[in-house]
Amino acid sequence: MNIKLNIEKNNKDFQILEDNEVLIRGVKPKWYSQQIRFFYDNRTYEIKKKSFWSSRFQIFQSGSLIGDIPYSWKNGHHIHLHQTNKKYWIKSTSKSMWTSDKTYSLLEDGIKSIIAIHYSWKKWRENIEIEIIDNNVNYELIVYGLFLMRKKQTEESAAGSGGYVGG
């Protein structure tokens with residue numbers, strides 16, 4: 001299975017392709033927001049912040065709340081799906097500290113790896129390939145995993161900036 005992420009229009013639109021066939025189409029409605037809307041299996045899904053000041057996100061399927069993405073200082077963001085009562089975390093690994101190549105694993109209940117997202121920079125572009133490890137995975141979990149990957153990248157870049165307050 002060859003699954004890739006195609007990002008277009010200044011990181012606003014995206015497509016998830018399997019063997020060059022579009023599985024999922026998505027859009028980021030506003031360039032400044034963290035909201036994502038995607039379409040899969042004749043349904044509309046939406047990930048958006050609970051409120052402006054909150055660090056918690058909510059997942060909607062055709063307008064109904066199906067899950068949330070809370071934040072904790074210890075573990076960062078994770079996905080909690082209400083229907084199955086399962087939780088998913090993202091873990092990143094790198095080959096070395098001198099390369100941009102990373103693998104982000106989506107872990108079910110913090111233990112079982114179900115999706116691996118291979119991230120790299122090639123020719124001044126992001127290259128993202130998705131490997132499904134567990135065959136019972138819903139494709140919508142790929143989008144949730146990509147959302148957590150972006151959150152993890154934001155956390156890592158903020159931590160690595162070395163900005164301190166003082167004189």
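How much accessible surface does the protein chain have, and what share of it belongs to carbon and sulfur atoms?

Modeller: Happy to! This is a predicted model, in which local features need pLDDT of at least 70 and side-chain atom pairs count only at pLDDT 80 or more, while totals for chains, interfaces and linings use all residues. Residues are numbered from 1 along each chain as its sequence is written, and side-chain values use heavy atoms, leaving out hydrogens and water.

The accessible surface of the protein chain is about 10700 Å², and 49% of that belongs to carbon and sulfur atoms. Such areas come from the Shrake-Rupley method with a 1.4 Å probe, and for residues only the protein chains shown count as cover.

Before we zoom in, here is the overall layout. The protein chain has 1 helix and 14 strands; these are DSSP runs numbered from the N terminus, with helices being H or I of at least four residues and strands E of at least two. Its radius of gyration is 16 Å, close to the 15 Å from the globule rule for 167 residues, so the chain is as compact as a globular protein of that length. That radius is taken over C-alpha atoms, and the rule is 2.2 Å times the number of residues to the power 0.38. Along its principal axes, the C-alpha trace spans about 55 × 35 × 35 Å. Of the 167 residues, 39% count as buried, meaning under 20% relative accessible area, with exposed being over 50% and partly exposed in between (1.4 Å probe, protein chains only).

Setting aside residues up to four places away in sequence, Ser105 touches Trp89, Ile90, Lys91, Ser113 and Ile115, where contact means heavy atoms within 4.5 Å. Ile117 is 12 residues from Ser105 in sequence, and their C-alpha atoms are 6.2 Å apart in space.

Glu108 lies in strand 12 as well. Glu108 is buried too, with a relative accessible area of 15%. Beyond its neighbours within four places in sequence, Glu108 is in contact with Lys86, Lys87, Tyr88 and Ile114. Its C-alpha atom is 9.4 Å from that of Ile79, 29 residues away along the chain.

Leaving out residues up to four places away in sequence, Ile142 touches Ile3, Ile16, Ile115, Ile130 and Ile132. In soluble globular proteins, nonpolar side chains tend to be buried together.
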